[in-house]
Amino acid sequence: MVYENSLTFARHLDATDSLKGFRDRFHLPRVNGQEAIYFCGNSLGLQPKTARLAVEKEMHHWQERAVEGHFTGDQPWLAYHKQFKEPVARLVGAQPDEVVVMNNLTTNLHLMLVSFYRPTRQRFKILVEAGAFPSDQYAVESQVKLHGYQPAEAVVEISPRAGECTLRTEDICQAIRDQRDSVALVLFGGINYYTGQLFDLPAIARAAHEAGAFVGFDLAHAAGNVPLRLHDWGADFAVWCTYKYLNSGPGGVAGAFVHAQHARNASLPRLAGWWGYDETTRFGMKKGFVPTPGADGWQLSNGSILLMAVHKAALDVFEEAGMENLRQKSRQLTGYLEYILDHQNGTADTAIRILTPRNPEERGCQLSLLVEREGRRLFDTLAANGIIGDWREPNVIRLSPAPLYNTFEEVYRVGKVLAETAGYPAAKRAVV
Ligand SMILES: *Cc1c(COP(=O)(O)O)cnc(C)c1O
């Protein structure tokens, strides 16, 4: 698409946007009494207007029926999590019994590592992207230690080439091949939280399997952002949170995927709890854990109904919009942001450098901007103008226009604030 840096052009794109009606389904935050430009859906998605009612419905059910709520009403709590199977399977490209909604992301990552990181003297390494989200790093480090290995030896980080910010698929696959005698697990983010790079997940899965390793993905920044096909790609497991692009509220209930190939394998080691017990005999309360088939067999506790109620309300909006439509708009919206940023800069690599890959196939909504000088001041100026992005020390601003509720006009207005920021051209000149 050929873009233009004008309000008329931005408004034209909004007017012809088939998803434009969805913005009104969300509560937009306000700054100084004005509707903010919210480009932070990669960190915490906005509240769907239907969420409050969904929670109130369950509160009412609890109030009126108490323990009977488990068995009565149109969504009895006992089987409440089942309603997620179909929509979540569509979202991540899975079979319904490969997915489950439970816990939080890092908890689910630990549960999956217990099943899929089973080091032997020969195969004990975990290959990860360098600069993975801290929680993932800590999870991996603690699991490695739990098995009696040294993180310095067992955790192998794959870094970009000197002078580059993002990883090349060929380098990732080569690094996996290099460790083929000792790698137990390859663990990658779907999209790196810092750079916004979308990895070639099928290629990574193939390389991991060829090297004789399991492969798992952390989809925190990918779920609800880009189309996924976990089953076909052959991922052994995946985990994700739902409060980022999936708009399911702070600390919202998370998701997990276990490939069909493993999901019915009762002999796979796991941490067990009563909710993962064979459903047909769960309430026999017998000794000896028998997992229920599918990803459900990794559940520990009875479900967090109030969090799930929000998640369901948010997913309903998602389903109505359709992931493919969202992706199509997202490519245009983020492409427009890229154009606007380049247009402010004059050239692509002056004051603001875009860390995120330029190829739309290698990114989702987010653009990460490296601002070498006075980045914090630029970020504060954006904030003072009602533009909410997020700041990552020491010099990165992340902006993520979300196709469900952001507009082309908002992107245009971000560019206008950048152009008018006093002192900003000085920062631009100062950078070589
Ligand atoms: C957001 C995010 C998390 C957050 O973990 P929680 O357990 O939900 O607090 C973990 N990993 C990645 C890659 C993330 O982007």
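Me: Why is arginine 358 called partly exposed?
Reply: Arginine 358 has a relative accessible area of 32%. Buried means under 20%, exposed over 50%, and partly exposed in between (1.4 Å probe, protein chains only), so arginine 358 counts as partly exposed. Bear in mind that this is a predicted model, where local features need pLDDT of at least 70 and side-chain atom pairs count only at pLDDT 80 or more, while totals for chains, interfaces and linings use all residues. Residues are numbered from 1 along each chain as its sequence is written, and side-chain values use heavy atoms, leaving out hydrogens and water.

Me: What makes aspartate 342 and arginine 358 a salt bridge?
Reply: The term asks for a side-chain nitrogen of Lys or Arg within 4 Å of a carboxyl oxygen of Asp or Glu. Here the N to O distance is 2.7 Å, so the pair meets that definition.

Me: How do you know that arginine 264 is exposed?
Reply: Its relative accessibility is 58%, so arginine 264 counts as exposed. Aspartate 97 has 24%, and therefore counts as partly exposed.

Me: Why is the pair of glutamate 410 and arginine 23 said to tie parts together?
Reply: These two form a salt bridge, with the closest N and O atoms 3.2 Å apart. Glutamate 410 lies in helix H14 and arginine 23 in the loop between helix H1 and strand S1, so the pair ties together parts that are 387 residues apart in sequence. Helices (H or I, at least four residues) and strands (E, at least two) are DSSP runs, numbered from the N terminus.
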